[in-house]
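The sequence and the model are shown first.

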Amino acid sequence: MPLAAREKLDVLLDELAASDLYDLQERYGLLFDRSRSLALHLFEHVHGESRDRGQAMVDLKTLYENAGFFITANDLPDFIPLFLEFLSTQPIAAARELLGQPAHILAAIAERLERRESNYKAVFDALVAIAEQQPERDAVEELLKGPDPDPMDFAALDAAWEEEEVNFGPAAQSQSSCGRDGLQSRLRHASRAVKSPAA
């Protein structure tokens with residue numbers, strides 16, 4: 001990890017160590033629980049509530065299980081801390097390759113945290129820095145086009161969390177934000193790659 005990224009993480013750690021626990025919990029909740037644009041679920045950013053998200057979850061869970069990692073917590077497979085825990089069990093090269101696949105999501109979250117002047121940005125910058133593949137700027141910009149309401153603006157939050165229309169058939173596939181080259185197909189590919197060394 002680059003020295004600059006480590007230094008920014010140290011600033012965050014010092015802030016966490018010196019702050020009141022209840023204040024930290026409130027701030028964390030406002031950032032990551034009430035703001036859809038900062039959701040800590042990877043597929044929230046590329047699939048939202050579409051049907052594609054369910055299959056992507058299945059594919060990611062299968063990837064974990066094929067590598068001998070079984071989810072025992074009450075978390076979805078795309079929860080970023082869980083994804084990182086899985087990566088910590090993998091060889092460094094495989095972990096960096098898998099981390100590079102959602103790097104555009106991590107970079108977009110980092111930029112949104114920078115707008116809020118949050119030191120949590122350091123965590124996402126560090127993840128992007130150690131990923132094998134750096135995010136494509138176009139993919140980051142596409143994610144940043146989405147709404148990013150103030151967590152205290154309840155009307156905007158309600159609008160952001162309003163359920164999306166579910167589409168079926170060929171039209172639904174063409175409307176997918178990921179398409180064939182998106183995270184879902186890359187995770188399927190990664191799943192096959194993880195299986196092959198054991199074969």
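## Aromatic pairs

Rings of Phe, Tyr and Trp, the last taken by its six-membered ring, count as a pair if their centres lie within 6.5 Å; planes under 30 degrees apart are called stacked, those over 60 edge-to-face, and the rest tilted. On that basis, a search of the whole structure, which is a predicted model, gives seven aromatic pairs.

One of these pairs joins Tyr 64 and Phe 86, with 4.6 Å between the ring centres and 45° between the planes, a tilted arrangement. Tyr 64 belongs to helix H4 and Phe 86 to helix H5, so this pair ties together parts that are 22 residues apart in sequence. Tyr 64 and Phe 86 are both buried.

## Phe 69 and Phe 86

Phe 86 also pairs with Phe 69, here edge-to-face, at 5.5 Å centre to centre and with 65° between the planes. This pair again links distant parts of the chain: Phe 69 sits in the loop between H4 and H5, Phe 86 sits in helix H5, and 17 residues separate them.

## Packing of H4 and H5

Two packed helices are described by the angle between their axes and by the distance between the axes. For helix H4 (residues 52–66) and helix H5 (residues 80–88), the axes come within 11 Å and cross at roughly 30°. Angles under 35 degrees count as roughly parallel, so H4 is roughly parallel to H5. The crossing of H4 and H5 is left-handed.

Which residues make the contact? From H4 they are Leu 60, Leu 63 and Tyr 64, and from H5 they are Leu 82, Phe 83 and Phe 86. Sorted by class, the contact of H4 with H5 has six nonpolar residues, no polar residues and no charged residues. Tyr 64 and Phe 86, both part of this contact, are the residues of the tilted pair described above.

Elsewhere, ring pairs link Tyr 28, Phe 32, Tyr 120 and Phe 124 into a cluster. Phe 124 is also one of the buried residues of helix H8 (residues 121–130). The buried residues of H8 are Lys 121, Ala 122, Phe 124, Ala 126, Leu 127 and Val 128.

The elements that cover these buried residues include helix H1 (3–18), helix H2 (21–33), H5, helix H6 (92–100) and helix H7 (103–115).

Note on methods:
Residues are numbered from 1 along each chain as its sequence is written. This is a predicted model: local features need pLDDT of at least 70, side-chain atom pairs count only at pLDDT 80 or more; totals for chains, interfaces and linings use all residues. Side-chain values use heavy atoms; hydrogens and water are left out. Axes are lines fitted to C-alpha atoms, for helices over the stretch in contact, and angles run from 0 to 180 degrees between N-to-C directions. Helices (H or I, at least four residues) and strands (E, at least two) are DSSP runs, numbered from the N terminus. Angles under 35 degrees count as roughly parallel, over 145 as roughly antiparallel, 65 to 115 as roughly perpendicular and the rest as oblique. A crossing is left-handed if the near helix is turned anticlockwise from the far one by less than a right angle, and right-handed if clockwise. Contact means heavy atoms within 4.5 Å. Ala, Val, Leu, Ile, Met, Phe, Trp, Tyr, Cys and Pro count as nonpolar, Asp, Glu, Lys and Arg as charged, and the others, Gly among them, as polar. Buried means under 20% relative accessible area, exposed over 50%, partly exposed in between (1.4 Å probe, protein chains only).
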